[in-house]
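Welcome, and please get your viewer ready for a short walk through the model. Have a selection tool to hand.

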Amino acid sequence: LYAALLNLYPQRFRAAYGQQMRQTFRDACGVAHRRSGVGGVLALWPPTLLDLVKSALEERAQQGEITMFKARLVNTAGPLTMLVGVLWLLACVGDFVFRLGAEGNEAFLGLVAIPFFLSFVPLLFALIGTRWRFHQAAGSLGRIGLALSVAGGSGVMVSVLINILLSGLAPEAGPHLWANYAAVFSVLSIRVGLILFGVDVLRYQLLPRWNWLPLLLGLTVVLSLPLEWFGVPAFLPAQWATPYLHFAVSGVCWLLFGLTMVGQGRAAQATAVGF
């Protein structure tokens, strides 16, 4: 994982110092494990990760790559959001097939879950690009919402990585519920952030069309919550339909939201060419 994170640095920097940094981190992990076991290794990660990201950004900024990366991510926010929608719709179709005739097939259930979990990788970068795109146009509420969504997307990735690390280092400990709870809280943060951003989008008409999409995306979180919370009896059709609707409606909204941002980007480019 650390070797993969070193790709955050420019290529010339990795060629000069990458091997030395990997060896230093490996030695530090060995010392931490001998002193404090698995807990010592995990405690080593937060300061290491913060220092790595900070220094990698500084190196790229010195080479002028940050501005180019930011512009590229803003331009790809729309396509990445569309990809998220496609993956959610695939998960929706898989869930539908699973409930119709594949119940009990754990291998098929794993295939259903793969598109959903994979979607959080492009989603994180899509949310970052969306935040950079609308940071100036949105009001304070929208900026808070976008920041909250990015934090939630980051939280999902960190929670999954921690779960993988804990499962590899201490498989005998079983499921790590606190990491799962952190992931759920992070997903809710994404939706709450979209609600706040959606209010600003409606207020200032930030999109060329379908300005209700971000707000609807955030509100669909209701479909993922237990119906008993709202005083609705948990009868079988509702238990079957609400998760399916959650994936279907959210997937369509992600797809249309990305399509709108792609159209908005093309319109801006056309305007620039006209000038």
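A crossing is called left-handed if the near helix is turned anticlockwise from the far one by less than a right angle, and right-handed if clockwise. This is a predicted model, in which local features need pLDDT of at least 70 and side-chain atom pairs count only at pLDDT 80 or more, while totals for chains, interfaces and linings use all residues. Residues are numbered from 1 along each chain as its sequence is written, and side-chain values use heavy atoms, without hydrogens and water.

First, select helix α6 (residues 120-134) and helix α8 (residues 177-204); helices are DSSP runs of H or I with at least four residues, numbered from the N terminus. Their axes (lines fitted to C-alpha atoms over the stretch in contact, with angles from 0 to 180 degrees between N-to-C directions) come within 13 Å and cross at roughly 30°. The two helices are therefore roughly parallel, a label for angles under 35 degrees. The crossing of α6 and α8 is left-handed.

Now show side chains: Phe120, Leu123, Leu127, Thr130 and Phe134 of α6 meet Val187, Ile190 and Phe197 of α8, with contact meaning heavy atoms within 4.5 Å. Seven of these residues are nonpolar, one is polar and none is charged.

Next, select Leu5, Leu8, Leu49, Val53 and Leu124, the closest to the centre of the largest pocket among its 34 lining residues.

Conventions:
Parallel < 35°, antiparallel > 145°, perpendicular 65-115°, else oblique. Nonpolar A, V, L, I, M, F, W, Y, C, P; charged D, E, K, R; others polar. 1 Å grid on protein atoms, 1.4 Å probe; cavity = no way out; pocket = protein on both sides within 12 Å on 5 of 7 lines; lining within 4 Å.
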